[in-house]
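Trainee: Could we go through this structure together? I would like to begin with the rings and then turn to the core.

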Amino acid sequence: MSSPIHHHQFLLLGAGELGTAFLPHLSSLPNTHITIAIRTPSKYAHLSGPNTSLLSLDISGPSEDLAKTFANYSTVIICTGFGQPAGTITKLAKEILQAGLLRKEAGLGKLWFFPWQWGVDYDVTGDCGGLMPLFGEQLQVRKLLRSQAAQSHVTWTIVSTGIFMSFLFEPFWGVVGEEKAGAGFVVRALKSWEHKVTVTSVSDIGKTLARVVAGDVESEDRILYIAGDTVSYAELAGIVGRVTGKNVRREEWTTQHLEEELAKDPENLIKKYRVVFAGEGVWWDKEITVNYKLGMPLTGVEMYAKQHLAA
Ligand SMILES: NC(=O)c1ccc[n+]([C@@H]2O[C@H](COP(=O)([O-])OP(=O)(O)OC[C@H]3O[C@@H](n4cnc5c(N)ncnc54)[C@H](OP(=O)(O)O)[C@@H]3O)[C@@H](O)[C@H]2O)c1
């Protein structure tokens, strides 16, 4: 069991879908202050509270300044979302290492770093054969942390979450869709009906993160896995049928089909993601997860579907 930090000074970078979902869980921990860093604090005034304050910060700023800012916090959690220029997550990781050294010089405790890795298993996916340079960069950040964090007075924890639960049901993702004129639903398998996907709701990621930072699980310098659920596409189709009581048309999008679709439209990010999700590293057994080991009830696919699909 890790020894918990008794006074958390969190810096939460980004308050979008994920950062906002973390707030209620982190702010309810004892002896905690959360500083939310975003570019325009006036947009986020509603998030400030008794132990939550706002800081104007742009992660594209000079490294020296950012490292000095990061050094003021015991824990830095990155939730800045997609759409950052290539190299941003590496820049941030290097600034964190610099901040760790500044804390060491100042006689402060190690800096605990949760990098921008709330997703799949980048050790397995790599850069997906060149398809996903961002995933390749995620892997390089892991290598950097593994090789340099200890001497930089930094402890790191990566939390692999699978895709956000909501994403599985997004019409643009194309896996679960409603047919026209109330004719039921379509479920499309990526790769095959036996292939699986791990999904977690953003609130459950926050709930589990709070247990991690509270020291309820061994988390130092390692990758943790969580899962609201891990389902095969066959199971998903069964759930959609059961929950809606409607007809479910099943369509298999094989890897060959997904690659042909991408070849027609090679810059289409969603098509790239579908090819990636037909590959490995996108699911894991629930039994290896932190939430399973801690006996935490999280929202599974069937419960989420009941809340969002049932008439
Ligand atoms: N597993 C999945 O399925 C999945 C899917 C999507 C995302 N994710 C992960 O979820 C995380 C967050 O995603 P999200 O959807 O919550 O992102 P989001 O909703 O786009 O929010 C991004 C936040 O970061 C802030 N931000 C953006 N650029 C910034 C900059 N240069 N300096 C400072 N702040 C900046 C934004 O604030 P302002 O623009 O107001 O400054 C906003 O608050 C990411 O780590 C991503 O890996 C995972």
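Trainee: Which residue lies over the face of tryptophan 283?

Mentor: That residue is lysine 196, which lies at 4.8 Å from the ring centre. Please keep in mind that this is a predicted model.

Trainee: And what lies over the face of tryptophan 193?

Mentor: Arginine 250 does, at 6.0 Å from the ring centre.

Trainee: Now rings with rings. How many aromatic pairs does the structure hold?

Mentor: There are 11 aromatic pairs. One of them joins phenylalanine 82 and tyrosine 273.

Trainee: Why is that pair called edge-to-face?

Mentor: The ring centres of phenylalanine 82 and tyrosine 273 are 6.4 Å apart and the planes stand at 80 degrees. Planes over 60 degrees apart count as edge-to-face, so this pair falls in that class.

Trainee: Where do the two residues lie?

Mentor: Phenylalanine 82 is in the loop between β4 (75-78) and α3 (88-105), while tyrosine 273 is in helix α10. The pair therefore ties together parts that are 191 residues apart in sequence.

Trainee: Are they buried or exposed?

Mentor: Phenylalanine 82 has a relative accessible area of 60%, so it is exposed. Tyrosine 273 has 12% relative accessibility and therefore counts as buried.

Trainee: What about phenylalanine 167 and tryptophan 173: how are their rings arranged?

Mentor: Their centres are 5.0 Å apart and their planes are at 55 degrees, so this pair is tilted. Phenylalanine 167 counts as partly exposed, at 22% relative accessibility, whereas tryptophan 173 counts as buried, at 1%.

Trainee: On to the core, then. Which residues of the largest nonpolar core touch the most other members?

Mentor: Among its 38 residues, they are Leu168, Phe169, Leu236, Phe277 and Val301. Elements that give two or more residues to this core include α6 (165-168), β9 (185-190), α8 (233-244) and α12 (301-308). The largest share, six residues, comes from α8.

Trainee: Which domains does this core draw on?

Mentor: The core takes at least three residues from each of domain 1 (8-160) and domain 2 (164-198 + 229-282 + 298-308).

Trainee: Last one: what does phenylalanine 169 touch?

Mentor: Leaving aside residues up to four places away in sequence, phenylalanine 169 touches Val176, Leu236, Val301, Tyr304, Ala305 and Leu309.

Definitions and conventions:
Residues are numbered from 1 along each chain as its sequence is written. This is a predicted model: local features need pLDDT of at least 70, side-chain atom pairs count only at pLDDT 80 or more; totals for chains, interfaces and linings use all residues. Side-chain values use heavy atoms; hydrogens and water are left out. A nonpolar core is a set of buried Ala, Val, Leu, Ile, Met, Phe, Trp, Tyr and Cys residues joined through side-chain atoms within 4.5 Å. Buried means under 20% relative accessible area, exposed over 50%, partly exposed in between (1.4 Å probe, protein chains only). Helices (H or I, at least four residues) and strands (E, at least two) are DSSP runs, numbered from the N terminus. Domain bounds come from an automatic or database domain assignment. Contact means heavy atoms within 4.5 Å. Rings of Phe, Tyr and Trp (its six-membered ring) pair if their centres lie within 6.5 Å; planes under 30 degrees apart count as stacked, over 60 as edge-to-face and the rest as tilted. A charge sits over a ring if NZ of Lys or CZ of Arg is within 6 Å of the ring centre and within 35 degrees of the ring normal.
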